[in-house]
Amino acid sequence: MNATLKYMLVRCSAGCLIILLVLITCTAVTMAASCPPTPWDEIGPFYRPNAPVRNSIGTGYVLSGTVRSAGDCRPLPNVRIEIWQAGPDGSYSDQYRATLFSDSEGRYSLQTFLPPPYGRRPSHIHMLVDAKGFEGLITQHYPKKNTTKAVYDLVLVPEIKGKEKVRNPVGR
């Protein structure tokens, strides 16, 4: 405990202590519940639905993270995540597509390789995320050069009650 806090606690009346504790608690709760949504990105021209269910499409790079609700930051289990990326030669094929599901604690993991940049595009991995009760998400992860792993959390926006969307994860 730092000296300023000790001084405040010694000098504070009982009422002051209650207010101080409420402020500390509210700040901690607010900080814990701050989950900004994952930004949208282009779907690109190479998306194809129904990628095979698997969590490995290569070796040398591990992409992992937790899927959460932007509403309350809680982890979301059994969320469908479709992945597609360019192969080592820069072309897209079924070999470099996968469907993953988050586990009971919202975690996911993909074993792959560092996709190459091509044209004017940097290295990237496409992701389409779909969960009942949440808006669909299309995003991209941009690996850093010469890395072997990254954590990329996916934060979904809850659908508004009464305004649920048709289950089309590609559309907004």
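Guide: Buried means under 20% relative accessible area. The structure discussed here is a predicted model.

Visitor: Which residues of E6 point one way, and which the other way?
Guide: Strand E6 covers residues 137–141, and five of its five residues are buried. Ile 138 and Gln 140 point to one side of the strand. Pointing the other way, and also buried, are Leu 137, Thr 139 and His 141.

Visitor: Which residue stands opposite His 141 of E6?
Guide: E6 pairs with strand E5, residues 125–130, in the antiparallel sense over five bridges. Within this pairing, the residue opposite His 141 is Ile 125.

Visitor: What is the order of helices and strands along the sequence?
Guide: The secondary structure comes to two helices and eight strands. Read along the sequence, the pattern is α-α-β-β-β-β-β-β-β-β.

Visitor: Where does the model have pLDDT under 50?
Guide: The average pLDDT of the protein is 83, and 74% of the residues score at least 70. One stretch under 50 has six contacts beyond four places in sequence, and it covers residues 4–10. Another stretch, likewise with six such contacts, is residues 14–32.

Visitor: Which residues touch the most other members of the largest nonpolar core?
Guide: In soluble globular proteins, nonpolar side chains tend to be buried together. The largest nonpolar core here has 22 residues, and those that touch the most other members are Ile 81, Ile 83, Tyr 108, Leu 154 and Leu 156.

Visitor: Which strands each supply at least two residues of this core?
Guide: The core in question is the largest nonpolar one, with 22 residues. Its suppliers of at least two residues each are strands E1 (61–69), E2 (80–84), E3, E4 (107–112), E5 and E8 (154–156).

Visitor: How many residues does the other core have?
Guide: The other core lies apart from the largest one. Trp 84, Tyr 92, Leu 128 and Ile 138 are among its members, and its size is six residues.

Visitor: Is Thr 99 buried or exposed, and which backbone oxygen does its side chain reach?
Guide: Thr 99 is found in strand E3, residues 97–101. Its relative accessible area is 2%, so Thr 99 is buried. Beyond four places in sequence, Thr 99 touches residues including Pro 52, Val 53, Arg 80 and Ile 81. At 2.8 Å, its side chain reaches the backbone oxygen of Ala 51.

Visitor: Is Arg 97 buried or exposed?
Guide: Arg 97 forms a salt bridge with Asp 94, with the closest N and O atoms 2.8 Å apart. Asp 94 has a relative accessible area of 36%, so it is partly exposed. Arg 97 has a relative accessibility of 6%, so it counts as buried.

Visitor: Which residues are linked in a network of salt bridges?
Guide: A search of the whole structure finds six salt bridges. One of them joins Asp 94 and Arg 97. The network links this pair with a further arginine, and its members are Arg 48, Asp 94 and Arg 97.

Visitor: What is the relative accessible area of Asp 72, the salt-bridge partner of Arg 74?
Guide: The side chains of Arg 74 and Asp 72 meet in a salt bridge at 3.2 Å, N to O. Arg 74 counts as partly exposed at 41% relative accessibility. Asp 72 is also partly exposed, and its relative accessible area is 41%.

Technical notes: Residues numbered from 1 in each chain as written. Predicted model: local features only at pLDDT ≥ 70, side-chain atom pairs only at ≥ 80, totals over all residues. Heavy atoms only, no water. Salt bridge = Lys/Arg side-chain N within 4 Å of Asp/Glu carboxyl O. Buried < 20%, exposed > 50% of the residue type's maximum accessible area, 1.4 Å probe, protein only. Helix = DSSP H or I, 4+ residues; strand = E, 2+ residues; numbered from the N terminus. Polar contact = N/O pair within 3.5 Å; in protein donor to acceptor, adjacent residues only side chain to side chain. Contact = heavy atoms within 4.5 Å. pLDDT = per-residue confidence, 0-100. Pairing = 2+ DSSP bridges. Core = buried A, V, L, I, M, F, W, Y, C linked by side-chain atoms within 4.5 Å.
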